[in-house]
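The structure under discussion is shown below.

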Amino acid sequence: MTRILLVRHGSVEGIDPERFRGRAETPLTDLGRRQASATGERIAAHWQPSVIYTSPMGRCVATARAIAASTGCAVKAIDQLNDLDYGQWQWKTFVEVQADSAALFDRWFSAPELVRFPSGESLQDLLGRTADALRLFIDDHPRETLVVVGHDSVNRAILLQLLQQSPSTYWRLVQSPCGISEIDIDHEHTRVVRINETAHVEGLTP
């Protein structure tokens, strides 16, 4: 059985007020670093992972390294876990995009499966990349526990596939900074044991 501990990176600038962060490098805030450290302690206390896979973006790598400091695992960055490419919307606030492209902005929240970001990716592109990552995890680590550090978008896409949900349900899944989801996968069954557990970081303040 492959066990995946799916973790979103810690807090960064651009979450409030919200921006289309995407491929923009946004380092962890002080809160984000403390969240990452607490997540490492939580994982080390309850699981024995063998490796940590992460998005190549700095905020995810920093979160993965904090988890590695507690677990002693090696960290491997893979492109399949990179954040959505928002193209021309990258680093713009929601307010800015809504003012410039109201129809497409509204469609992203009502029918995300029908959106391609200007000069960027679509949700289907993200689903394809994360499916490749899932195949890698299952084929290369059939009897191991893995930590996977991704983005809000990436983790939603992974969970959609494991839950066999339509891309149209993308917004029904919440991924908080350093939330942990646990998934067990064997040849016949996939079980989502927990989604977006955040008790280990709830006592932290900005």
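## Basis for the burial classes

A residue is called buried when its relative accessible area is under 20%, exposed when that area is over 50%, and partly exposed in between. The model is predicted. Arg-194, at 25% relative accessibility, therefore counts as partly exposed.

## Salt bridges across the chain

Side chains of opposite charge can pair when their charged atoms come close. In this model, 14 salt bridges are present.

One of the bridges joins the side chains of Glu-197 and Arg-42, at 2.7 Å from N to O. This pair links distant parts of the chain, for Glu-197 belongs to strand S6 (residues 190-197) and Arg-42 to helix H1 (residues 30-46), 155 residues apart. Glu-197 has a relative accessibility of 17% and so counts as buried. Arg-42, with a relative accessible area of 16%, is buried because the cut-off lies at 20%.

A further bridge connects the side chains of Glu-182 and Arg-194, again described by an N to O distance of 2.7 Å. Here too distant parts of the chain are linked: Glu-182 is in strand S5 (residues 180-185) and Arg-194 in strand S6, with a separation of 12 residues. Through shared partners, salt bridges unite Arg-3, Arg-42, Glu-182, Asp-184, Arg-191, Arg-194 and Glu-197 in one network.

Asp-132 and Arg-135 form a salt bridge whose closest N and O atoms are 2.2 Å apart. Both residues lie in helix H5 (residues 123-140), where a spacing of 3 residues amounts to about one turn of the helix.

Which accessibility class does Asp-132 fall into? With a relative accessible area of 36%, Asp-132 is partly exposed. Arg-135 also counts as partly exposed, at 45% relative accessibility.

## Helix H2 and its packing

Helix H2 (residues 58-71) comprises 14 residues. From first C-alpha to last, H2 reaches 20 Å, which is close to the 20 Å expected at 1.5 Å a residue. Just after H2, Gly-72 adopts a positive phi of about 75°.

The buried residues of H2 are Arg-59, Cys-60, Val-61, Thr-63, Ala-64, Ile-67 and Ala-68. These buried residues pack against helix H1 and against strands S1 (2-8), S2 (51-54), S3 (74-77) and S4 (145-150).

Terms used
Residues are numbered from 1 along each chain as its sequence is written. This is a predicted model: local features need pLDDT of at least 70, side-chain atom pairs count only at pLDDT 80 or more; totals for chains, interfaces and linings use all residues. Side-chain values use heavy atoms; hydrogens and water are left out. A salt bridge is a side-chain nitrogen of Lys or Arg within 4 Å of a carboxyl oxygen of Asp or Glu. Helices (H or I, at least four residues) and strands (E, at least two) are DSSP runs, numbered from the N terminus. Buried means under 20% relative accessible area, exposed over 50%, partly exposed in between (1.4 Å probe, protein chains only). The expected span of a helix is 1.5 Å times one less than its number of residues. Contact means heavy atoms within 4.5 Å.
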